[in-house]
Structure formats: structure tokens, C-alpha cells
Amino acid sequence: MRKIRVALAGNPNVGKTAIMNALAGTSEKVGNWPGVTVQKKVGKYNFRGFEVELIDLPGIYSLTSYTLEERVARSFLLKGEYDVVADVVDVTLLGRNLYLTLELLEMGIKPVIVLNKIDELENYGYTIDKKALEEVLKLPVVEVSAVKRKGLEELSETFLRVATGDLKPEGFTPIYSEELENAISLIEMKLKEEIGENFPYRLRWFVIKLLEKDPEIIDYLKENFKKWKKILKEIEKIEEEIKRRHKSDLPSFIARERFLLASRIATAGIRNIVELPTEKLSDKIDRVITNPITGMPIFFLIMWLVFKITFDLSAPLGDLIDTLFSDVLPSLVERALSGAPPFLISLINNGILAGIGAVMVFLPVLAILYFLMSILEDTGYMARAAALWDNFMRLFGLSGSSVIPMILGFGCNVPAVYATRAMRSAKQKLITMLVIPWVSCSARLPVYAVFTAAFFSKNQSLVLLSLYGLGIALALLFALILSRVMGAREECEFFIELPPYKLPAWSVVINQTWIEVREFIFKAGTVIFAVSVFIWALASLPPGAPYAGESSIVGHFGKLLLPIFEPLGITDWKPIVALIFGALAKEVVVGTLGALYGTGEEGLEKALAQTFTPESALAYMVFTLLYIPCIATIAAIKQESGTWRYPALLIAVELTVAWTAAFAVYRLTLLV
Amino acid sequence: MTLYEVKEGSRVKILNITGGHGVKNRLAAIGLFPGAEVKVVKSPPGPVIVEVAGSRVAVGQGMAKKVEVERL
């Protein structure tokens with residue numbers, strides 16, 4: 001079968017995901033662009049004997065090289081490893097969207113224009129003259145509604161015709177004002193004097209980007225042109241003239257010219273305009289929900305609802321999965337294999353089944369939370385929440401978009417890490433996912449519950465609050481440090497488009513949830529499973545040793561680590577082994593302690609009272625809060641950042657901070 | 001006067017934007033550049049919301065203080 005590669009380019013919020021979903025269904029694979037935290041989605045479908053591969057480029061407003069997303073999209077487009085570029089345009093914001101189209105044309109790309117959301121036009125008081133647009137742009141134009149599945153057949157057909165050469169779009173060359181055109185010709189002439197044969201760019205595009213002071217292009221000029229100083233000086237002269245006449249720097253001047261040309265083209269394609277009132281109901285709503293006084297209570301109410309729905313719905317499912325993998329299936333195995341060596345039964349029950357269970361138990365929370373988040377995103381609330389929180393988050397070098405992932409972290413760190421996908425800035429996304437593990441997730445609560453009941457029954461809530469507070473403070477502190485180190489401050493200058501409110505497109509939301517859950521099972525799930533089996537091996541070897549007992553490898557390990565924990569007031573190896581198991585999921589700490597002290601979870605408080613003092617109990621809780629994230633979170637961070645480097649760094653930092661904080665708490669409380 | 005100080009409901013013309021080329025370029029691509037006319041839908045507390053080229057854009061307070069405007 002012949003393959004066709006189609007790259008989807010377009011602004012954020014134009015409905016590229018919906019188009020992907022409508023054409024390629026759930027065939028979508030989610031990954032990262034090489035080496036960066038920018039998401040890459042690829043989908044496939046068959047059409048008239050061709051296999052069409054859709055590559056979703058990051059949503060961008062322009063094609064400069066200032067942000068990671070723009071660089072990823074641009075370098076993909078420059079490499080030219082595609083048959084067709086589809087420029088997805090939100091028809092309700094035609095002028096604004098054509099800005100990117102002009103940039104594509106400047107690059108020499110002749111995209112298929114996909115006018116999406118054509119069904120929504122009736123609310124906007126105008127219609128589109130497709131023919132007129134095709135004539136001006138000299139490009140094929142297809143009207144589509146991805147959500148209502150209209151125009152898809154024609155769209156695929158157009159891809160096919162362009163890919164096979166049956167349709168050869170001529171492509172319009174954007175011509176700007178005389179002033180700008182003169183500047184372009186002048187620099188073009190200077191460059192032609194020493195242009196090499198292997199010059200990889202389209203000259204006109206290269207010149208425009210030079211005038212826009214594009215950092216990547218200026219670097220190329222410096223490396224490849226001997227007279228680069230002279231050329232940059234010439235550009236400076238042009239800029240001075242522009243500044244004098246238009247009170248604008250050169251890059252802004254060019255952007256403005258492009259924007260005005262895009263608006264003119266849009267006007268040529270718009271018909272039957274009816275004047276609509278510019279004040280909309282949504283403006284009234286926005287004023288309420290982005291004003292801190294009214295917006296904050298609404299925000300917390302919505303987040304509370306999200307958690308309530310998630311945990312109410314997922315708790316019974318989670319219990320069911322837990323019973324299945326730790327009770328029902330193991331006893332079946334024991335009956336079926338009665339007489340088999342206990343080692344084998346332990347491998348199946350404590351190793352394999354427990355490993356699968358460790359993956360499965362996350363699914364209900366993950367699926368429900370992801371589903372609810374897609375709804376918040378799709379209805380347009382997410383952008384408002386980001387705008388609402390921006391002022392506060394700026395204090396810590398982050399922007400408003402990082403608030404929702406961080407708050408989700410209180411429920412479960414795993415979906416919180418996945419929620420950073422909705423963030424636009426790659427640097428801030430990385431910072432956010434690295435600080436999420438400091439946020440105390442609900443799985444750590446059972447540990448606090450047991451210890452506070454045993455030692456701090458009088459001021460249980462004060463201790464709990466302090467632990468949560470410590471987690472939040474460290475998350476924000478590390479965000480501040482990381483944003484300084486990584487230079488994310490420029491990206492702090494925040495603005496976000498507020499898409500119109502709308503009902504979620506259910507088919508898209510459901511398909512996307514399914515795709516994410518499937519990716520989790522295959523990518524994070526394999527890591528979680530492997531580590532579970534590995535820890536089982538540590539706990540049951542050498543053969544004959546009681547499971548996780550003193551003579552097992554993990555028991556030896558616990559005793560070996562004892563000197564490190566003695567300064568924290570921990571004098572027994574059992575709590576240390578419990579911490580090692582806690583890497584699977586933090587609530588496992590309690591279960592392991594119960595098993596090791598032979599008390600079960602009920603009599604555990606008494607046993608702990610003999611091993612711990614109130615001071616060392618506090619240190620142990622602080623350590624549990626801060627030490628390594630659970631395996632599922634680590635796997636999620638690996639999956640999202642695309643490398644093991646960040647999770648490895650995170651583990652090292654967290655272990656250091658956990659020990660230091662626990663030590664400080666232990667010593668300070670001894671003094672009091 | 002900056003965008004931060006503009007009253008809700010008024011129309012303004014952008015005179016100047018302070019910041020790196022990166023920010024200025026991204027703002028220009030959505031229609032916020034010197035010479036552009038926008039309507040202020042919401043003013044602080046919280047972000048400033050402007051109507052520009054048919055869409056609504058929320059601008060953080062820090063950014064809004066860097067956008068110099070004049071009333072129309």
C-alpha cells in the first residue's frame with residue numbers, strides 16, 4: 001500500500017485534535033518529539049488504497065524560533081519529510097489564522113487550507129466564499145466540521161490529489177508594502193553575492209526571517225556568510241528608518257504587515273456580514289471567573305467537584321481491582337497449583353499478579369480524572385483558570401497553566417504529570433512535572449493517618465496540615481529555583497487566548513481518554529510491572545527466606561541502610577524495608593509495616609509505639625512525604641519528558657531533600 | 001498609560017510594547033502590535049482581557065504593564 005504523510009499545522013484551539021480524531025479514530029500514538037517535552041501525535045487511516053499518516057504539529061501562532069513548539073514545527077516543515085501540509089484554520093477567526101498561512105507560503109510551502117468549525121459560522125454573522133479564498137490564496141480550500149464529521153471525504157481526497165501530483169497548488173506569494181519589499185530586495189541582493197550552492201533555505205524567506213531577527217537564522221548567517229557584519233549593519237539601518245517613520249521596531253513592523261495582509265485576504269473571503277453586538281454573554285462570565293475575588297471560590301468548587309467525582313467513582317472500582325489481584329486470583333492460583341513449589345506460587349501471586357495489579361489499580365483514577373480534565377479543557381474553562389492564577393504563579397517563576405496539574409497532584413501525582421500536556425511552554429511543563437511529586441498525594445494519607453493516630457492523637461490535624469504545607473512550600477521553592485536555572489522567565493510573560501465556551505465534543509473526549517489510558521498501560525505500565533517483579537525478587541531471594549523477612553535481600557538491604565536512618569531516630573530495619581516497598585505506591589508502606597511487625601494493619605499502632613518516638617515518627621512521615629515518587633509517577637515523568645535523565649535527577653534530589661528535612665525535623669523537635 | 005490601567009469597556013490603541021523579540025513576535029501574531037486597536041473587556045484585579053481580531057485574549061498583569069496604550 002502506498003503511504004502518504006500529512007502534517008497538520010495550525011494555531012492552538014483550531015480543532016486539530018478533533019480532525020485527527022475524526023479521520024484516524026483511536027489509531028493515534030502519543031509520544032514526544034526527539035529530546036524535548038513537546039508532544040507528538042501520529043495517527044493512521046486508510047483511504048482508497050492509500051495509507052494516510054497524520055502528523056500533528058504543535059499548535060503555534062507563528063513560525064519564528066523563539067519557543068520550543070515553534071522550533072519543533074518549523075524544523076519539521078523545513079526538513080520536508082511529508083507529502084502534504086494541511087493548514088487547519090478556525091473559520092470563526094479567519095484573519096488571525098491566515099497569519100500562519102502567510103508564513104507557510106513565505107517558506108515555500110503550499111498547504112491545503114482546512115476551514116474547520118464551518119458549522120459554527122452561523123453564530124458569527126457571516127458566510128465564507130470558498131471560491132474567492134481559493135482564488136486569492138491559490139491554494140485548495142476544504143470546508144470541514146470535524147466534530148459533525150462534515151467534509152472529511154473531500155479532505156482526504158484533496159490530500160490524495162496533492163500527494164499524487166494530480167493537484168498542483170500554485171500558492172500565493174505574500175507581497176507587502178513597498179517599504180518592506182525594498183528592504184527585502186536590498187538584503188536579497190547583498191546575500192546573493194556570496195550565496196553557496198547548498199544554501200538550504202528559500203532566499204526570500206531567509207531574508208524576511210533575518211529582518212525579523214530570528215535567532216536561528218542570524219546564527220546561520222554568522223556561520224556561513226563572510227560579510228555577515230555588513231549585512232547586519234544594513235538591517236540596522238533599515239530598522240532605524242522604520243523606527244523613525246513608524247515608531248516600531250523592525251520585527252513588530254513586519255508582523256504587523258503580515259497581520260494586516262492576512263486580514264485583507266480574510267475580508268476578501270467573507271460574505272454577508274451582519275453586525276453583531278460585540279459585548280457577549282461570555283464576556284460577563286469571564287469577568288466573574290477570572291476576577292480573583294469571585295474566581296477563586298469558583299475554581300476551588302470546580303476542583304473539589306473533580307476530586308469528589310473521581311474518588312467516589314474510582315474507589316469501588318479500585319477496591320474491586322485490588323480484591324481481584326490480591327485476593328481472588330491469588331487464592332485461585334494457590335488452589336490450581338497446590339503441591340507446586342511455594343517459590344513458584346509466590347512468583348505468580350506476589351510478583352506477577354501484584355505487578356499487574358499495581359498497574360491496573362491506577363486505571364480508574366486515571367481514566368476518570370483524564371476524562372474530567374478533557375471536559376474542562378474542551379469547554380474552555382482551563383484557559384480561564386490559567387489566566388486567573390497567573391499573577392500568583394508568577395511569583396514562583398511559573399505561569400497560570402501550571403496550577404491545575406499541581407492541584408491534581410493532591411489526588412494522584414500520575415494524572416497530574418499527564419495533565420502538564422495541556423501546557424504550552426515546554427520549559428514550564430518540565431518544571432511543573434518535576435515539582436508535582438512534592439505535592440502530597442492521597443496515597444500518602446494512610447501513612448500519616450497511622451502515625452498521627454499512634455503519636456499525635458491530640459493535634460492530628462495540625463501535623464497533617466504542616467505536612468501538606470511543607471510539600472506545597474517545597475514544590476513552589478523548587479519551581480522558583482528551576483525557573484531561574486532554566487531561564488524560563490521570558491516565557492513567564494503571560495497571555496492566553498480564551499476560546500469560546502462550548503459543550504465538549506463527547507466522541508473526541510472519550511476517544512482521547514481511551515488513547516491516554518492505553519498509552520499508560522503500554523508505556524508506564526511496563527515500567528511499573530518490571531519494577532514490581534524486581535522488588536518481589538529482592539523480597540523472596542535467596543530461596544527459602546521468608547517473604548520480605550530479615551534474611552531476604554531486601555531485609556539485608558534494610559539493615560545495610562540502617563546507619564543512614566539512625567540520625568533520623570529510626571533504629572529498626574523494618575520501617576526501612578517498608579519505604580523500599582513504598583516505591584511501588586506510597587500507601588503500601590502501611591501494609592508492609594503491618595506485615596513485617598506481624599500485626600496486620602489493625603494492631604500496627606501499638607507496635608509502632610514501641611519502635612518510634614514522637615520525634616522519629618514525625619521524621620518518618622516527613623521522609624515518606626518527600627522521598628522518591630512512586631514508580632508510576634517516575635514512569636509517567638519518563639514518558640512525558642522523553643528521557644530517563646529528569647526522573648533520575650529528581651530521585652537524587654528528592655532523596656537528599658527528604659533526608660535533610662527529616663533530619664532537621666527530628667533534631668528540632670528533640671530540642672523543643 | 002499602560003493596558004493595566006485602562007478602564008473596562010474602553011477602546012485603546014497600542015503605542016508600544018516592551019519586551020524581548022520573542023514575546024513581541026508572539027503577541028503580534030495574534031494581533032497585538034503597535035498601531036493595533038483593541039477593546040478592553042476586563043480590567044484588574046486578575047488578568048486583563050482584550051478583544052482583538054475577533055478573539056478574546058487574557059493578558060497577565062505583568063505583561064499588561066508592559067503594553068503602552070492611548071485611549072481612542
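This is a predicted model: local features need pLDDT of at least 70, side-chain atom pairs count only at pLDDT 80 or more; totals for chains, interfaces and linings use all residues.
Colleague: How many bridges join strand 1 of chain B to strand 5 of chain B?

Modeller: There are 5 bridges between strand 1 (residues 11-17) of chain B and strand 5 of chain B, and the two run antiparallel.

Colleague: Which strands pair with strand 3 of chain A?

Modeller: Strand 2 (residues 29-32) of chain A pairs with strand 3 (residues 39-47) of chain A in the antiparallel sense, over 4 bridges. Val30(A) has Lys41(A) as its bridge partner there. Strand 4 (residues 50-56) of chain A also pairs with strand 3 of chain A in the antiparallel sense, over 7 bridges. In that pairing Asn46(A) stands opposite Glu51(A).

Colleague: Which residue takes a positive phi in the hairpin of strand 3 and strand 4 of chain A?

Modeller: Arg48(A) does, with a phi near 45°; the hairpin has 2 residues between the strands.

Colleague: Now the cores. Which residues have the most contacts inside the largest nonpolar core?

Modeller: In soluble globular proteins, nonpolar side chains tend to be buried together. The largest nonpolar core in this model has 101 residues, and Phe299(A), Phe451(A) and Phe520(A) have the most contacts inside it. Helix 26 (residues 614-626) of chain A supplies the largest share of this core, 9 residues. Another core, of 69 residues, lies apart from it; Val91(A), Leu115(A), Tyr126(A) and Ile231(A) are among its members.

Colleague: What does Phe299(A) touch?

Modeller: Leaving out residues up to four places away in sequence, Phe299(A) touches Tyr381(A), Ala385(A), Leu388(A), Trp389(A), Val403(A), Ile404(A) and Ile407(A).

Colleague: What is the volume of the second largest pocket?

Modeller: Rolling a probe the size of a water molecule over the atoms shows where empty space is left. The second largest pocket has a volume of about 1,500 Å³. It is lined by 50 residues, and the closest to its centre are Asp322(A), Val361(A), Ala585(A), Glu587(A) and Val588(A).

Colleague: Which helix gives the most to that lining?

Modeller: Helix 12 of chain A does, with 10 residues. Other elements giving two or more residues to the lining include helix 13 (342-360) and helix 21 (506-540) of chain A.

Methods:
Residues are numbered from 1 along each chain as its sequence is written. Chains are lettered from A and ligands numbered from 1 in the order in which they are written. Side-chain values use heavy atoms; hydrogens and water are left out. Two strands pair if DSSP finds at least two bridges between them. A nonpolar core is a set of buried Ala, Val, Leu, Ile, Met, Phe, Trp, Tyr and Cys residues joined through side-chain atoms within 4.5 Å. Buried means under 20% relative accessible area, exposed over 50%, partly exposed in between (1.4 Å probe, protein chains only). Contact means heavy atoms within 4.5 Å. On a 1 Å grid over the protein atoms alone, a cavity is a set of points where a 1.4 Å probe fits but cannot get out, and a pocket is an open set with protein on both sides within 12 Å along at least five of seven lines; lining residues have an atom within 4 Å of a point. Grid points are joined across faces, edges and corners, and a volume is the space filled by probe spheres set on the points.
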